[in-house]
Amino acid sequence: MNSSPQASPSGSDRGAASDIAEHARPTTAESIISLRGVRKTYFRGKEPIHVLQDLDLEVPVGGYEALMGPSGSGKSTLLNLIAGLDRPSAGSLLVAGADLGAMSDSQLARWRANTIGFIFQAYNLMPVLTAVENVELPLLLTKLSASERKRRAQTALRIVGLEDRMHHYPRQLSGGQEQRVAIARAIVNDPQVLVADEPTGDLDRQSADEILTLLERMNRELHKTIIMVTHDPAAAERAHITRRLNKGQLI
Amino acid sequence: MRLSSLSVRNVWRNRLRALLTVLGIAVAIVAFVLLRTVLSAWTVGAEASAKDRLGTRNKVTFVVPLPKRYIETIRQVPGVVDASYASWFGGKDPRHENEFFASMAVETKTLFSVFDELVVPPADRERWLNNRKGALVGDVLAKKLGWKVGDTVTLQGSIYPGDWQFQIEGIYSSTRKVVDRSSFFFHWDYLNDSLPEGSPQRDRIGWVTTRIRDPLQAGAISQAIDRAFDEQEIQTLTMSERAMNLSFLGMVSAVLKAIDLVSLVILFIMMLILGNTIAMSTRERTREFGVMRAIGFLPHHIALAVLIEAIVIGGLGGGLGLVLSYPLVERGMGRFIEENMGSFFPYFRISEGTAVAALVLALLLGLSAGLLPAYRAARLNVIDSLRRAG
């Protein structure tokens, strides 16, 4: 596999890309993620809860950043905003050139499919699908042929070192292997940004180190920008930058 | 891999639950097919009536008879080939109190020309025609009650009280499957001549069946027959044989409607049960739907995945139900019913229409059951779904 499993958008992706292009805004020259005065407020009944307050953040292209902070500090909320799963209550949020605050739900979904790769703490693989089918899942949204989808999924699995486990079901894999399948799923669409929410939270030390090494490779060799939420100082040490959040503010 | 294959695999994720659900639908479909077959078997005689036969009865009700002399007038109506009359006897064999069968006093000389589907060996036919006390019985009835040619049987009349003795002179079968082969025919003359002089039942007939030359003229001939009695003390109502048979069934229309309703209620209950199963199954996979939404699947993809799953379960249940229904109805219950209840159900078999309806309804049942869970799964909030444990 070359460094890009899906180098150019195909089929419906092109339509989605033009759709999303309407919301394209210039980010700073080197930034792929740019937050200006971002606030996120939830309401518990009528009582407002300010989860993020006037947040400014610039992440350069190819950056690898860790977000740390106590529970309730707003790490996951910030990650969800960057991943396009949620919208800010105020402020501007540009990711990979798209103004996420101005996009509809379906535009955001298409944008996520093309731009973001997700890595979850609990791996979140489909138990009824084999490893290669799990990796293929995001490609169902493209117009690639079945054989091309399969080829790309196999390539992604080869990159994470699981070519010998392609036809295993998640229940037949160790936690570390499951997370590697999840990483293969995250990169199969060749997204620009990987968001990882506690990717080593459910793993033993050795497996965690293997996953962190793999993420480093994704960043170094495939030039993926990575934003990782973690409680693990050892994981944070692998990132280029560690940012700390407290009470919705970067400190 | 396709989205549909993900749905199909999710069907079998919890094998026991899937199996029990499919079995539940299959049983509901068997019940549906059975009840629908009761309905179609009940009306099959009417539906398969000869197109070149008309029935004439009292205009007010078929319970009140017609004067026998009307038969000659009917035979004179242009377009009529022949006509035969009959009266309902309503007899029972005291040795078989619980066995119901149709017993009718018929005009013997015209019976076979009007009802040419009846098949009787020539020797039996001859004997029956020549014996005023002779009876002609269907082969299904004869087999069930153990009657054979030469036997003497006594029937107790309900409309014509008393014990009536007959000799079985012939056993009939039919060239058409839908004809009741459990009837008991005997000479109308024997009945009439046995009634006392002055009896209001004497020289009265229940109805007339007319064979006509051109079925396309059925309407005009019916009107002509009825017009012939417009000025008489008793008016007639003539209709196609099908309409007449259906009017007999009118007496039990409430029962038929109830059966119709019950068959649909069974499917409705099964739809609710399946809906609950699908809802439970989708609730357990909330996080997976959240993941799919996160990686770019749209709400309609999620809804489609759930609907496919529900339709697959419905289809499997429907298919299994049909597979179980055929041996049950065609080989087991159907034969038993035809032999023991042939007067009501001369031909108890699953019709193509019933089979297709069962399969289509099973698929629709799956679709309907999946609608609400699919809608709810499609509307899940992505972040809340991802937070959901399990």
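**Hairpin of β4(A) and β5(A).** I began with the hairpin of β4(A) and β5(A), where two residues lie between the strands and A96(A) takes a positive phi near 50°. I then looked up the pairing of β4(A) with β5(A) (residues 98–99), which is antiparallel over two bridges; two strands pair if DSSP finds at least two bridges between them. I noted D99(A) in β5(A) as the bridge partner of L94(A).

**Basis of the entries.** I am working from a predicted model, in which local features need pLDDT of at least 70 and side-chain atom pairs count only at pLDDT 80 or more, while totals for chains, interfaces and linings use all residues. Residues are numbered from 1 along each chain as its sequence is written, chains are lettered from A and ligands numbered from 1 in the order in which they are written, and side-chain values use heavy atoms, with hydrogens and water left out.

**The sheet.** I followed β4(A) (residues 90–95) to β1(A) (residues 31–44), and found the two paired in the antiparallel sense over five bridges. Here R36(A) stands opposite S92(A), and S34(A) has L94(A) as its bridge partner in β4(A). I recorded the open sheet of chain A as four strands in the order β2-β1-β4-β5, with antiparallel pairing. β2 (47–60) and β5 of chain A are at the edges with a single partner strand each, so one side of each has no neighbour in the sheet.

**Helices α5(A) and α6(A).** I next looked up α5(A) (residues 146–159) and α6(A) (residues 175–187), whose axes come within 9 Å and cross at roughly 130°. Axes are lines fitted to C-alpha atoms, for helices over the stretch in contact, with angles from 0 to 180 degrees between N-to-C directions. The two helices are therefore oblique to each other, a class left over once angles under 35 degrees (roughly parallel), over 145 (roughly antiparallel) and 65 to 115 (roughly perpendicular) are taken out. I listed A156(A), L157(A) and I159(A) of α5(A) and V181(A), A184(A) and I187(A) of α6(A) as making the contact, where contact means heavy atoms within 4.5 Å.

**Chains A and B.** I finished with the interface, in which 26 residues of chain A are in contact with 21 residues of chain B. The buried area is about 2,200 Å², with 70% from carbon and sulfur atoms; this is the accessible area (1.4 Å probe) that two parts lose on being put together, summed over both. I noted that M126(A), V128(A) and L141(A) supply 24% of the area that chain A buries against chain B, more than any other three residues.
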